[in-house]
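Hi there,

Here is the structure I promised to pass on. Have a look first, and my notes follow below.

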Amino acid sequence: MSELHTQLWASADILRGKMDASEYKNYLLGLVFYKYLSDQQLRAVYEEEHGKIKEYPSCSEQYNGLLEWYKDDPADIKKTISKKLGYFIEPNYLFYKLRKKASEYELQIDDLKNAFVKLGKQGEHFTGLFDDVDLSSTKLGANAQQRNVTITEVIKALDEIDLFGHAGDVIGDAYEYLIGQFAAGAGKKAGEFYTPQSISKIISEIVSIGQENTAPFHIYDPAMGSGSLMLNIRQFIKNPRMAHFHGQELNTTTFHLAKMNLILHNVDQNQMRLRNGDTLDEDWPTDEPYLFHAVVMNPPYSANWSADDKFLSDPRFERFGKLAPKSKADFAFLLHGFYHLNEKGTMGIVLPHGVLFRGASEGTIRKTLLEMGAIDAVIGLPPNIFYGTSIPTVVLILKKNRSKRDVLFIDASKGFEKQKNQNNLRVEDIKKIVDTYKKRKSIPQYAHLASHDEIVSNDFNLNIPRYVDTFEEEEQIDIVALSQEITDLNLQIKQNETEFLSLLNNLAVTDETKEIIQATKRIFK
């Protein structure tokens, strides 16, 4: 277990029993984020005076340096650090100071409230980020003193986390860990908010193919959850600092989580455009840029939406003549994302298998997409990959203006590692999927490149087993050889019986053995 997970577990222990996981996750992630901003500020001040180094001194020494500068010239330090980080936390409200008060049991819950309020006033990026950290909740304690004790213990536990020493997506990893450990409390919809890293890597690598040198690179996630699916693109492009992130999320709590996540990954505020809104009900973005190099999405599966007739004249949907059903918005999300893809871009979306074969309006939309050549690949994933749902899912890869209308089918449903609570795609499984996509060739029992005529002959049904035959024939039995083997075995058995009875006849017969010998001979008759 990593240090991050160990301390999250210790912190969760303090809150467990007081509230369920869907609630205390907000407290833990909010405090982890605040600690990161505080610790980052301490480092920034130290670097201004000493430059960047491999190993930094203790938080105590960094804090003393900051305090010295602050007392000497508060206006200068505020201006310098705000320009560098986009915010400045007063010394008394830094996580280090709050932790020190907590150690001496002098922390008041109002100290933390004031810290959140002051940070929330330092720009749009911080507005509302801590709204879900309800420090007045009676679940923390029946009175102010009990709430002080609870928060004091949580802060002491979280202070042990070295956020700069953690390799990876801190907020995303913390969120994934909390969901994994407390899935029942987090609710069955937990998987909508966080896409496992393995799936994120597959989609990010595929949508970046042929665009690795593009700069600036604009990526859009219309159902962004924690934002982790977008962030993975930086692993696969040559100029990660020139990646621009555009995202929309309906759930306000999750929207704030995504903002935290991007800030934690040092995304400049000018390269981050996020919106808390309903992706389907109102198109966004509608200003420049509104077409993107990559669109990635893991929307809520088979969600409800209005499907109002007004959307038939919406530019996102009008060319398809039909709308996704009210009870299954899967194609509505897909068409929204596809509309916002630029002419050379690539889109990757995770959906349930039903989109491959369901009829009625969905069949009409699917046929139109296939006639356009928009569906580039269908990748079947193993079951039980996502948190909160065991249903198997599929990744659809889409492009605009393809010269061909063939579709690559990949059945990756059997390549995984089974773990305690869910299945996991290994490094080799991910590599096989991406390599197969790049080569775009059929592989027996794994992948098939289907022509458009073949798809038409299947009535535009994209169910993967129609194209990738994973059936393994049993080895044929040689009846003649088997018959001869049985005959030989019978002869051998008869010979052994004869030899055994002969040995019995040579035994010395006594009153005690006579009855046993006779009984044995009766068995072999």
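How many salt bridges does the structure hold? There are 25 of them, where a salt bridge is a side-chain nitrogen of Lys or Arg within 4 Å of a carboxyl oxygen of Asp or Glu. Before the details, please note that this is a predicted model, in which local features need pLDDT of at least 70 and side-chain atom pairs count only at pLDDT 80 or more, while totals for chains, interfaces and linings use all residues. Residues are numbered from 1 along each chain as its sequence is written, and side-chain values use heavy atoms, with hydrogens and water left out.

**Salt bridges**

One of the bridges joins aspartate 314 to arginine 316, at 2.9 Å from N to O. Aspartate 314 counts as buried at 13% relative accessibility, and arginine 316 as buried at 2% (buried means under 20% relative accessible area, exposed over 50%, partly exposed in between, with a 1.4 Å probe and protein chains only). Glutamate 362 and arginine 358 form another, their closest N and O atoms being 2.7 Å apart. Glutamate 362 is buried at 3%, and arginine 358 is buried at 16%.

In aspartate 435 and lysine 431 the closest N and O atoms are 2.6 Å apart. These two are four residues apart in helix α15, so about one helical turn separates them (helices are DSSP runs of H or I with at least four residues, strands are runs of E with at least two, and both are numbered from the N terminus). Aspartate 435 is partly exposed, with a relative accessible area of 23%. There is also a network of salt bridges that links Lys35, Asp39, Arg99 and Asp159.

**Aromatic rings**

Rings of Phe, Tyr and Trp (its six-membered ring) pair if their centres lie within 6.5 Å; planes under 30 degrees apart count as stacked, over 60 as edge-to-face and the rest as tilted. By this rule the count comes to 15 aromatic pairs. In one of them, tyrosine 63 and tyrosine 96 have ring centres 4.9 Å apart and planes at 40 degrees, so the pair is tilted. Tyrosine 63 belongs to helix α3 (residues 59-72) and tyrosine 96 to helix α5 (residues 95-103), so the pair ties together parts that are 33 residues apart in sequence. Tyrosine 63 is buried at 6% relative accessibility, as is tyrosine 96 at 16%. Elsewhere, Phe33, Tyr34, Phe116 and Phe130 form one aromatic cluster.

**Backbone points to check**

Most residues other than glycine have a negative phi, and most peptide bonds are trans. Here, a cis peptide bond joins alanine 215 and proline 216, with omega about -5 degrees; proline 216 is in the loop between α10 (197-208) and β1 (217-221). Another cis bond joins tryptophan 284 and proline 285, with omega about 0 degrees, and proline 285 lies in the loop between β3 (272-276) and β4 (292-297).

Glutamine 445 has a positive phi, near 65 degrees, and lies in the loop between α15 (427-439) and β11 (447-450). Aspartate 459 also has a positive phi, of about 55 degrees; its place is the loop between α16 (452-457) and α17, and aspartate 459 is exposed at 62% relative accessible area.

Best wishes
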